[in-house]
Each structure stands twice: as structure tokens, then as C-alpha cells.
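Please read them with the structure open.

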Amino acid sequence: MIIHVLLLTLLAPLLAACAGAQTPRSSAPSVIAQRPSVRAALDTLRVANAWTLEEQVSICEIPAPPFGEARRAEEFRRRLVALGLSDARIDAEGNVIARRRGVARHPTVVLSGHLDTVFPESTNVNVTRQGTLFKGPGIGDDCRGLAIVLAVARALASAGVQTQGDILFVGTVGEEGPGNLRGVRHLFTKEMRDSIDYFISVDGTGLGLTNRAVGSHRYRVFFEGPGGHSYGAFGMPNPAHALGRAIAGIAELRVPSDPKTTFSVGVLEGGTSVNSIPASVAMDVDLRSESPEALDSLDADFRVALQRALEAERARWPGSRVPLHLRIDTTGIRPAGAQPDTARIVRAGLDAARALGFTSELSSGSTDANLPMSLGVPAITIDGGGTGRGAHSLAEEYDDGERGWLGPQWAALIALSLAGVR
Ligand SMILES: [Zn+2]
């Protein structure tokens with residue numbers, strides 16, 4: 001009996017080792033964070049924080065207006081190649097894609113930032129620095145995300161982390177309004193269709209996690225007629241008056257507060273002079289909701305309001321034969337979508353945060369992750385650490401604070417827990 005116990009005691013470590021070799025290792029963030037190679041990668045991200053910040057500044061000083069991201073994209077690609085990702089390439093839409101091979105191809109995990117800004121080509125994009133505070137257009141949104149993609153690629157290489165699945169390091173074009181998600185849409189519907197298992201977008205600053213996608217419908221609405229003299233041609237439908245009626249109708253739309261559903265007329269344009277009935281006037285309208293059904297319902301009500309305005313303005317001048325037209329151009333459709341808080345990618349995000357010693361809050365947003373979410377591909381957007389102010393303004397700021405490196409560490413740990421570490 002004693003011999004048996006002794007034998008078992010001696011054999012126990014061996015048996016445990018055998019069992020460990022057969023069952024897949026846990027990919028929980030708290031567990032893999034303790035693996036030596038992962039530990040080394042996380043340490044690199046903390047120690048090399050200055051490198052990450054230099055990348056963030058220098059990539060940001062290359063202008064990247066909507067549809068003008070090519071120069072920044074080429075430099076981002078060049079940097080990925082320099083980090084050992086020799087196949088880094090630019091796809092037909094302009095996205096940068098670099099594949100880091102795992103043992104198997106799947107799961108394929110995308111870690112992505114967006115290349116574009118909201119600022120026109122002529123914007124001064126110099127970045128200034130005072131201590132940990134950086135000022136410059138786009139410095140947080142989304143030069144922070146791009147720097148994190150580079151920093152994680154570098155840390156995984158230097159620590160020699162071997163993953164089970166592939167990790168794709170990506171810079172997308174067209175995330176901001178005018179781009180209408182053209183980069184990520186191309187990625188998921190053409191370039192990498194059906195081959196991405198998880199999508200992580202790093203966008204902006206803070207330590208929040210977006211797992212619900214606010215959908216939006218954006219339109220430019222025109223009222224048009226022949227135009228004429230304000231005095232001489234009086235008595236015909238006036239496109240500006242029709243637009244006014246339409247705005248009054250939109251202002252009275254009723255929407256639910258839960259799911260949050262919103263509408264706004266953001267831009268007004270048209271007319272040539274005070275003494276002319278305008279030939280054309282236009283407005284930009286933004287409709288949003290977390291719920292696809294609520295968004296569709298709001299969209300239908302919005303169209304009714306436009307049609308009523310058109311008819312009311314025509315009816316106001318029954319004796320006139322002058323035409324009045326309504327035209328609706330679609331300028332952006334971002335699908336709404338949600339995934340449960342218990343989805344694996346969401347839990348990986350929350351658990352990785354906990355493993356790094358902080359708590360992340362879940363929220364909804366409108367980002368590159370909208371597109372994969374609407375297609376049923378697990379996707380989240382995480383903040384890039386630090387704190388930020390004034391996104392989309394010329395006075396944009398990013399403060400790295402004392403623990404800005406938590407952002408890149410978080411991104412790395414989520415990506416590794418989803419890809420699996422050998
Ligand atoms: Zn952004």
C-alpha cells in the first residue's frame with residue numbers, strides 16, 4: 001500500500017504532463033498571460049512605450065483625408081515589412097494587410113486600426129508634445145490604433161510568440177463618415193470573405209470596449225425646381241420652403257429611448273441670393289439606432305415626412321405649373337448589430353482587462369466593427385489606452401498618462417487569447 005502511494009507520488013508529475021500534452025491548453029487571458037513568451041511580449045510593450053508613441057506621432061504627421069489615405073497606407077505597410085511581416089500588402093480598396101502565420105491558419109484574428117482621418121489634405125497635421133500630452137489632428141483617432149497594431153506586431157516578433165491561428169495586422173481605409181466603412185466592407189465581403197474568425201478594431205483612447213454597433217443611415221436630401229425671381233416669379237413652389245417644411249416634420253419624429261434611436265439635420269445648403277427663389281437646396285440627415293428594426297422604422301417615418309413636405313409645398317401653390325422635385329441621395333449606410341455580452345470575443349476583452357488589472361466598460365458605437373458584427377462575425381472595438389479629448393477637431397489631444405502601455409498590452413492579450421498560444 002505504501003509502495004503504491006509512493007509510486008503514484010513519483011508518477012504524478014509525469015501523468016499530469018501527459019494529460020497536459022493531450023488536452024488543449026487554456027486560452028483564458030489570465031492563463032496565457034503567465035506563459036513566458038506572452039509575458040515577454042507584454043513586458044516589451046511596457047518597456048518600449050516610447051517606441052509606440054514615436055510611431056503614433058510620425059504616422060500621424062502623414063495626412064490621410066477620406067479617400068486620400070494612400071501615402072499613410074504605404075508608410076504603414078513599409079513599417080510592417082520592417083517588423084518582419086514581409087508579405088504586408090495593400091489591397092484593391094487601399095487597406096494594408098500583413099499576415100503573421102500561426103501553426104494552423106485558423107482561428108484567423110484581425111487586429112486593426114483605421115488609416116483615415118476626418119481632416120482635409122490641407123490640414124496642418126504636425127504633432128506637438130508636452131510630457132505625456134500630445135496634440136495634433138487624429139493623434140488619438142486613430143493614430144493611436146495604428147501605433148498599437150505596429151507595437152503588438154513588434155512585441156510578438158521580439159518575444160517569439162507562436163500562435164495557433166494566424167494574426168492579420170490591418171490598417172483600414174474609409175472608417176470615418178465619408179468613407180462609409182469602405183475598407184472594412186471590402187475586407188469582409190471580398191478580400192477576406194468568410195476567412196476571418198475574429199475582428200478586433202483599436203480605435204481611439206481610454207479603456208472601453210464596444211460590442212454593440214450603432215447603425216446609421218445618412219442622406220443628402222434635395223428639393224429642386226427651376227428657380228426664379230423672388231418678386232417676379234412669386235407664386236411657384238419654393239424648394240427652400242419645402243426644405244423648411246421637411247425639417248419641421250423631421251423635428252417632430254418620435255423615437256424610442258431604448259434602444260437609443262436618434263435623428264439630426266446636420267448641414268444645410270442651397271440658394272444663390274436673397275432675391276432669388278432657389279433652384280436647389282439640400283440638407284444632410286443622420287439617423288441612428290442600436291436596433292436595425294428601430295432604424296428601419298425611423299427611416300420609413302423620415303421618408304413620409306419628406307413626402308408630406310413636398311406635397312404641402314406643391315399644394316400651397318395650386319395655380320402654379322412649376323415643378324418641385326424631391327431627391328434623396330444615400331451617403332452612408334452603417335449596419336446596426338449586436339452580439340451578446342457573453343460572446344467569446346467580448347469575454348476575452350473583459351477577461352484580458354482583468355488580467356492586466358483594470359475593468360473595462362461595455363458600450364455601443366459606430367466603428368469598423370459594425371460591418372463584421374452585421375455579418376455575424378465576432379467583432380469588438382477597444383480603446384487604445386491613455387485618455388483623449390477633442391476627437392474630430394483640430395485641437396485633438398492624447399495623454400499617455402502613467403500607464404498608456406495598458407492599451408497595447410490589452411490589444412495583444414485579447415488577440416493572443418483568441419488566436420491561441422502554442
Ligand atoms: Zn476612429
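1. A term first. Two residues are in contact if their C-beta atoms, placed from the backbone, lie within 7 Å. With that in hand, take helix α7: the cover over its buried residues includes β6 (167-172) and α11 (370-374). Keep in mind that this is a predicted model.

2. Helix α7 spans residues 182-191, and seven of its 10 residues are buried, so the rest of the structure largely encloses it. The buried residues are R182, G183, V184, R185, H186, L187 and F188.

3. Next, the domains. The assignment for the protein chain gives domain 1 as 26-213 + 336-419 and domain 2 as 215-334. Their C-alpha centres lie 38 Å apart. Domain 1 puts 10 residues into the contact, and domain 2 puts in nine. On the side of domain 1 that touches domain 2, four residues are nonpolar, five are polar and one is charged.

4. Now the core. The largest nonpolar core holds 102 residues. L111, V152, I200, A411 and A415 have the most contacts inside it. Helix α6 (residues 143-159) supplies the largest share of this core, 12 residues. At least three residues of the core come from each of domain 1 and domain 2.

5. L111 deserves a look of its own. Setting aside residues up to four places away in sequence, L111 touches V149, V152, I167, F169, V170, I200, A411 and A415.

6. Helix α8 covers residues 239-251, 13 residues in total. From first C-alpha to last, α8 reaches 18 Å, close to the 18 Å expected at 1.5 Å a residue. Its buried residues are P239, A242, L243, R245, A246 and I250. Why do they sit on the same side of α8? They cover an arc of only 160° around the axis, which puts them there.

7. What do the buried residues of α8 pack against? The partners are the strands β9 (215-224), β11 (261-270) and β13 (280-289), together with helix α9 (292-316).

8. Is D284 buried or partly exposed? D284 has 18 C-beta neighbours inside 10 Å, so it counts as partly exposed; the cut-off for buried is 20 or more. Beyond its neighbours within four places in sequence, D284 is in contact with R220, G266 and V267. The C-alpha atoms of D284 and G386 are separated by 34 Å, and the two residues lie 102 residues apart along the chain.

Notes: Residues are numbered from 1 along each chain as its sequence is written. This is a predicted model: local features need pLDDT of at least 70, side-chain atom pairs count only at pLDDT 80 or more; totals for chains, interfaces and linings use all residues. Domain bounds come from an automatic or database domain assignment. Ala, Val, Leu, Ile, Met, Phe, Trp, Tyr, Cys and Pro count as nonpolar, Asp, Glu, Lys and Arg as charged, and the others, Gly among them, as polar. Helices (H or I, at least four residues) and strands (E, at least two) are DSSP runs, numbered from the N terminus. The expected span of a helix is 1.5 Å times one less than its number of residues. A residue is buried if 20 or more other C-beta atoms lie within 10 Å of its own, exposed if 12 or fewer, and partly exposed in between; C-beta atoms are placed from the backbone. The arc is that of the directions from the helix axis to the C-beta atoms. A nonpolar core is a set of buried Ala, Val, Leu, Ile, Met, Phe, Trp, Tyr and Cys residues joined through C-beta atoms within 7 Å.
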